[in-house]
Amino acid sequence: MDGPSDRSSVAGVRGTPQVITNGEAGAAHPGRMRRIALLGNPNTGKTTLFNRLTGLRHKTSNFPGTTLEARLGRVDLATARPTRALGGSDACCGRDGEDGDGLESAPVGETELIDLPGVYSLELDQLEARVCRDVLVGVAAPRGDVVGVPDAACVVLDGTNLGRNLMMAGEVLRRRLPTVVAVNMIDLAHRRGFAISAEVLSERLGCEVVLISARTGEGLGELRRALGRARVSSRTPPGDDAGLRAWAEEVFATAASRPEGSGAEEITDRLDRAFTHPLLGVVLFAVVMTGLFWGLFAIAAYPMAWIEWVFTWLGSGVRAVVPEGPVQELLADGVVGGIGATVVFLPQICLLFLLISLLEDTGYLARAAFVMDRVLRPFGLPGHAFVPLLSSHACALPGIMACRAIPDRRQRLATILVAPFMTCSARLPVYVLLTSILFPKQPLLAALAFVGCYALGIVAGVLTALLARRTILRGKSRPMALELPTYKAPSLRTALVTTVDRGMVFLKNAGTNILMICIVLWWLSSYPKVGPPQEADALRGQVAAMKEGLTPLNAPIHWVPRTPGESRNARNEASAARQELELKWDEVSRVEAEIQRLETSQAARESFAGRIGRAIQPVFEPLGYDWQLTIGVVTSFAAREVFVSTMNVVLAGQDDPENETIRQGVMSATRDDGVTPVFTSATSWSLLVYYVLAMQCLPTLAVTAREAGGKRWALLQLGWMSGVAYVAALIVYQIAR
Amino acid sequence: MTEAPGLTTQHQATTRLTQLKRGQRGIVVEASLDASDAALLRAMGLCAAAKVRLCRAGEPCIVAVDCGCGGQCRIGLARPLAERIMVRVDN
Ligand SMILES: Nc1nc2c(ncn2[C@@H]2O[C@H](COP(=O)(O)OP(=O)(O)OP(=O)(O)O)[C@@H](O)[C@H]2O)c(=O)[nH]1
Ligand SMILES: [Mg+2]
């Protein structure tokens with residue numbers, strides 16, 4: 001089905017999408033799967049419906065403009081089964097007849113579904129509208145699909161706002177595609193007292209109309225059947241704007257009725273006024289965000305402790321079971337230690353996505369965008385940038401993708417440029433490690449330092465935006481207009497699905513990339529095995545001499561009292577001798593520890609990692625990093641979350657079995673001299689600042705290049721962020737040391 | 001600044017949207033905006049003859065629009081946009 005020759009993607013094409021001529025564009029496509037496009041106003045539940053039908057899990061939220069590119073999914077309309085041919089391995093062919101659903105061949109019902117961005121009108125001069133038009137006329141297709149005109153359109157209308165939505169239906173009907181109209185959110189519409197007659201609507205629109213709720217699943221069976229037999233409408237709505245409006249109004253008046261003024265309006269008014277109030281709005285915003293992040297850290301602390309405990313237990317289990325040697329080291333330090341250091345953060349990452357997803361579903365964010373509009377405007381960013389910047393606090397990738405919703409090109413570029421300054425979840429492990437090193441006994445100060453990191457990222461971001469808007473991206477700002485969606489109770493199901501997905505991505509990354517980096521690093525820092533240094537040899541001789549003739553400590557002491565007086569004397573003598581002996585043994589173990597330290601440090605220095613680290617270290621010398629930290633910083637180049645695992649593996653050699661947790665081991669590590677800690681307070685501050693500001697994420701650079709439309713933007717981002725990070729960390733270290 | 005086509009109807013006693021009081025209703029008369037801004041607002045339902053109710057005055061200006069037909073939608077507008085939309089007070 002997918003001719004690999006003429007694949008095209010709507011995604012990422014800015015400006016006029018490439019026109020791809022396609023021989024088979026037209027109504028009949030022998031041998032090609034039927035294709036249905038989902039169209040409608042923003043925020044009407046297209047993606048929710050799409051996910052329901054196809055079993056995919058694309059992002060939905062109660063904010064207009066969530067979907068910004070065309071997406072492909074498959075569903076078997078006859079059996080109501082998602083036939084996931086995308087990415088999944090379950091085949092989309094050869095299922096004929098196996099379902100015994102009364103249909104003799106399954107592919108009859110097998111259909112491609114295309115989810116499209118929501119638009120207020122197909123004719124707008126807007127990226128989203130262009131994507132829809134191009135898919136509808138068959139000059140562009142979602143990634144992974146052949147270009148071609150869809151066989152049918154499914155217009156998704158919001159049942160609580162039918163009036164305006166009907167205009168969109170009119171626009172689609174005029175295109176003479178087989179059409180089905182789905183009136184969504186019927187659960188809400190009924191609860192709010194709207195009465196909508198599907199029969200009358202269907203009669204007036206000349207096509208099938210189904211009342212559905214994509215959230216509860218109501219009416220979906222009927223919708224699938226209707227989609228299977230979609231026909232071209234017998235009506236032609238007027239083409240001009242005013243005519244279309246009058247037509248929509250008239251259709252609505254005959255087919256539906258709405259409740260007289262309801263209390264809900266009044267409540268929404270009040271909420272809106274509070275949330276956008278110049279002062280109260282900012283306070284509420286601060287409360288919501290503080291609540292979000294406080295909840296994140298407070299709740300995640302428990303599962304994190306459990307996971308940490310499990311990995312510590314696993315580590316000691318490995319040491320107990322596997323015989324001492326390189327294999328044990330690899331398993332205990334490289335695999336369990338390295339992975340454990342990262343996986344501990346799973347709860348925080350899941351929770352972050354869960355809470356943001358719940359928040360997005362309430363409808364609050366559109367209000368917050370206006371609050372932030374006032375704050376961001378002086379820096380040349382629009383309120384539209386708020387949602388991308390907020391989601392960048394979870395991960396910069398979706399954040400940068402969401403920038404497509406920013407209408408003005410220069411503002412969009414500026415936002416893309418600064419989005420990675422926001423503290424993403426990958427930075428959390430580093431912040432947690434460093435703040436707990438800085439303030440091990442003062443959780444309040446640690447929390448403050450943490451908040452400071454978030455603030456520093458935001459400040460650096462907006463100042464960079466200001467600079468960019470004053471120089472390379474100079475231009476007028478476009479005033480903001482945004483539809484404010486109705487407040488809704490968030491869907492826990494959606495939030496959980498997102499959470500599980502993001503958690504899996506994180507675990508998969510830990511199980512593949514991070515595991516590999518840990519193993520490679522373990523190897524690099526364990527080999528080549530070098531002989532002990534001369535000093536160690538000398539000391540060893542000393543120890544041997546000391547031990548000569550020394551009674552072992554655990555040897556029993558024999559004395560037999562003869563008279564009571566003699567007995568006391570003898571006892572005193574014996575205990576004095578005993579003390580002397582203990583002192584001697586103490587000296588022996590001190591020297592032995594010194595030998596051990598010399599050997600580990602020699603082994604570490606002379607390992608491959610040590611040599612590489614020492615070669616690069618001069619670059620980071622001014623920031624206060626020794627070669628071990630340099631290794632950590634360098635391996636973080638592609639993905640910053642690697643840092644904690646790296647440090648864990650690199651410093652593992654000096655690991656003291658007394659340390660109960662992974663973190664303690666890293667905290668007590670020392671430099672080569674065996675005295676100076678690796679993490680002094682000055683280096684920790686400097687590192688913290690470096691990790692807040694530096695660009696250490698290859699995928700982000702790739703997405704920036706794609707979304708901004710050029711590698712130079714990614715290079716600019718990389719150069720600017722790394723430069724700022726270096727200079728800022730330098731200043732911090734020089735002041736703090 | 002081009003006058004948005006389709007957004008103009010002749011009328012006298014008009015005032016700016018920003019000058020409506022909270023809760024007051026009005027009918028949109030005209031808007032002098034950039035063509036693309038005007039087209040977007042029009043498609044959102046804020047067109048000539050649209051009935052609006054001011055939910056919040058100031059920045060942002062929030063209006064509930066109902067195009068005379070079913071349902072309602074709320075649109076938040078930055079001041080530079082709201083200022084340029086002229087309405088006739090509707091009682
Ligand atoms: N109550 C209720 N809520 C729904 C229903 N369908 C969708 N929603 C909610 O409506 C919001 C918007 O859903 P989306 O699927 O993201 O809407 P969309 O049309 O894809 O939006 P854009 O991509 O922005 O155009 C989400 O908060 C959904 O949970 C429904 O049938 N009933
Ligand atoms: Mg969507």
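Colleague: Which residues come nearest to ligand 1?
Modeller: Of the 25 residues around ligand 1, the nearest are A:Lys46, A:Thr47, A:Thr48, A:Thr66 and A:Asp361. A residue is near if one of its heavy atoms lies within 4 Å of the molecule. This is a predicted model, where local features need pLDDT of at least 70, side-chain atom pairs count only at pLDDT 80 or more, and totals for chains, interfaces and linings use all residues. Residues are numbered from 1 along each chain as its sequence is written, chains are lettered from A and ligands numbered from 1 in the order written, and side-chain values use heavy atoms, leaving out hydrogens and water.

Colleague: Thanks! How do the residues of that shell divide into nonpolar, polar and charged?
Modeller: Six are nonpolar, 14 polar and five charged. Asp, Glu, Lys and Arg count as charged, while Ala, Val, Leu, Ile, Met, Phe, Trp, Tyr, Cys and Pro are nonpolar and the others, Gly among them, polar.

Colleague: What lies 2.9 Å from a nitrogen atom of ligand 1?
Modeller: That's a polar side-chain atom of A:Asp187, a polar contact being a pair of N or O atoms within 3.5 Å; within protein, one must be able to donate a hydrogen and the other to accept it, and residues adjacent in sequence count only if both atoms are side-chain atoms.

Colleague: And how much of ligand 1 does the protein cover?
Modeller: The cover is 99% of the 650 Å² of accessible area that ligand 1 has on its own, by the Shrake-Rupley method with a 1.4 Å probe (for residues, only the protein chains shown count as cover).

Colleague: Which element gives the most to the shell?
Modeller: Helix 1 of chain A, with three residues. Helices (H or I, at least four residues) and strands (E, at least two) are DSSP runs, numbered from the N terminus.

Colleague: Switching to aromatics, why is the pair A:Phe620 and A:Tyr690 edge-to-face?
Modeller: Their ring centres are 6.2 Å apart and the planes sit at 85°, so the pair is edge-to-face. Rings of Phe, Tyr and Trp (its six-membered ring) pair with centres within 6.5 Å; planes under 30 degrees apart are stacked, over 60 edge-to-face and the rest tilted.

Colleague: Are those two buried or exposed?
Modeller: Both A:Phe620 and A:Tyr690 are buried, meaning under 20% relative accessible area, with exposed over 50% and partly exposed in between (1.4 Å probe, protein chains only).
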